[in-house]
Amino acid sequence: MAEIEVRDIRHVYDQGSPDETVAIERINLTLKDGTANALLGPSGCGKTTLLQIISGLLQPTEGQILIDGEDVTGKPPAERDIAQVFQFPVIYRSMDVYGNLAFPLRNGGVPEAEVESRVHRISELLELDDILRSSPSNLGPELNQLVALGRGIIRADTSAILFDEPMTDVEPSRKLTIRRRVKEAQQEFGITALYVTHDQHEALTFAEQVAIMKDGNLVQYDTGENLYQSPVNTFIGHFIGSPGMNLLECGLSHENGHAHAHLGPHQVPLDSALAPSLDPSWTDCQVGIRPSSVTVQVADPHEDTGYLPATVDQVEMLGGFQIITATLRQTDVEVKARVAHDFAIDEDASVWLSFPPSDIRFFHDHEAVPA
Amino acid sequence: MKQRPWLFLLPALLLVSISAFIPLMTVMNYSQLTLLPGTQPYFAGLENFVAILQDPAFQGALGRQFLFSFLVLITEIPLGLALALCMPKDGPGVGASLVLLGIPLLIPWNVVGIIWRVFTRSDIGVLPEVFEWFGATYNVSQFTGDAWWTVLAMDIWHWTPLVVLICYAGLQAIPEEFYMAAKIDRASPWKTFRYVTLPNLRGVLIIAVLLRLMDSFKIYAEPFVLTGGGPGSATTFLSTYTSRMAIGGFQMGRGAATSLIYFFIVILLSFVVYIIMLNLGQGAGNDS
């Protein structure tokens, strides 16, 4: 069990050559002992590079990796006590499942009696008992991925396990089962885990804390709830949630302690707690609101109740709910709102939208303004 | 309508029958006749087969053939694999290595024989000269041992590059993740080779072994040019025997029968080796 610290890590591929690519700008990150973490980000943002630097498969251009305070940057993977599960199941085909699980132990010179008890412990946990004597070639990718996971956690000294998009090859219907077993294993052994994925649903269900990367930078490292409720910038706001947060370019006015965002001719009142942090001279401002926070009304509220008139462009039925895309009147500002599945609405219909001030996030220059 | 698939198969069937089926049938026909130039052919039944199987020259050639193919396989396959492992994985070295390896493969069989014939000539050859420096004698047309290892060396020189190329392609196809996992699992270099490289190369190794087995079984031109099958019959292999029977001895019926026996042996042997290799290392090998 271990705390992993990523300190000032920077990585450049093919440094000095014309193909030079900066994969990681500079990252600082501490994964607390025994926690489940996810590393989330669009493809090509440097997730896998960071993972390989932590496991020691790649030497960083700059910076250090510390495990429980000890600098392991120069050490090979074998000396780091870190396991890794790859994108597609890596198994040793010439050995049966038992042999695969026992492999890292036997390589470490563990006595055969202990090998046997560890293999049985792990196979029980991952429900691989029945197939211990099967050849992995005859099993599906799901089971093979579990075998690969088992090989990672079987060593008594495994302090951390890294997953590199482990569900890529797994059939959608089996993902839940596999993820549950992965999670159980992580909790059972209290292993520090880092789970790389570009699927936010996977990240948020697996991890207590999620690190989000973009273009080689760590953007936010926080709990799922905070990422959803308090994104540090518009990228996170848009990236987390499906659909993401509405991000509307706006003007700003500030009078007598009351702040308003301007969307064309419309005014949206902002939370009074936000007012002291706002500067009316700002130009590049955005209001952010989750589609689920937007209130939608089909009847004209007539008087000035803070509802903004809009025209529906699109209605998408997503099973349990619908997503409405509407344009605010006299503007080209598009807003998405989430309504119940039985909410009766047609395209081109008029609606009135309201943004509750407490649910509004305000961004200046795409960075969140703290309340 | 039901006949339509056959119609589509017709061109392929026609080609196969012209190139393989009809000649094979003809050979089968000949094999049961006594065909001597200037005489009427007459039906001999299995007489030709019996005579060949009882011919000590055939038995000798068959024995030599097995020994030769066996030696070829146990040398060329490990050597080819070892060389492939030593080859650079990327960079300018790759092209250079591939060109160097390709040279022997581009030379026609009989030319290979002629090159080596020149090497080994007792008057102007380089090999006898080198042996003389060390106070030894070397003569392919006189000493069985010299003839044998020279033919073997020639085959290894000529065909190991093919094994290298096949293995190299196979090595390139092994995903890097397998090696990463082995590193994390603390596998030693030997265990990485044993449990990652070898099992992943199984498919290409089967191909390499079968190709070299069948090809070495058919060896003809090189020893024919180098030693003419001698000294005595020391380097007379099955193909040399067959052609000598059919063309040299004017016994077409016997020659046809020899071809069929030869054909049957190659098929049977390839099948057996294939089955063995297919089952090799499947689910076994938990002996670490």
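Strand β3 (residues 36-40) of chain A runs parallel to β8(A) and is joined to it by five bridges, where strands count as paired if DSSP finds at least two bridges between them. This is a predicted model, in which local features need pLDDT of at least 70 and side-chain atom pairs count only at pLDDT 80 or more, while totals for chains, interfaces and linings use all residues. Residues are numbered from 1 along each chain as its sequence is written, and chains are lettered from A and ligands numbered from 1 in the order in which they are written. Helices (H or I, at least four residues) and strands (E, at least two) are DSSP runs, numbered from the N terminus.

- Six of the six residues of β8(A) (residues 192-197) are buried, so the strand is largely enclosed by the rest of the structure; a residue is buried if 20 or more other C-beta atoms lie within 10 Å of its own, exposed if 12 or fewer, and partly exposed in between, with C-beta atoms placed from the backbone.
- Both faces of this strand are covered, with A:T192, A:L194 and A:V196 buried on one side and A:A193, A:Y195 and A:T197 buried on the other.
- Strand β7 (residues 160-164) of chain A is also parallel to β8(A), again through five bridges.
- A:V196 in β8(A) has A:L39 opposite it, and A:D164 likewise stands opposite A:V196.
- β7(A), helix α5 (residues 172-189) of chain A and β8(A) form a right-handed β-α-β unit, meaning that, with the strands pointing away from the viewer, the path from the first strand over the helix to the second runs clockwise.

**The antiparallel strands around β12 of chain A**

- Strand β11 (residues 246-255) of chain A is antiparallel to β12(A) over five bridges, and A:L252 has A:A261 as its bridge partner.
- Two residues lie between the strands in the hairpin of β11(A) and β12(A), where A:N256 takes a positive phi near 45 degrees.
- β12(A) also pairs in the antiparallel sense with β13(A) (residues 266-269), over four bridges, and A:L263 is partnered there by A:H266.
- The hairpin of β12(A) and β13(A) has two residues between the strands, and A:G264 takes a positive phi near 60 degrees.

**Helix α1 of chain B**

- Helix α1 (residues 4-31) of chain B has a kink of about 55 degrees centred on B:S17, the bend at a residue being the angle between axes fitted to the seven residues ending there and the seven starting there.
- Two of the 28 residues of α1(B) are buried, so this helix lies largely in the open.
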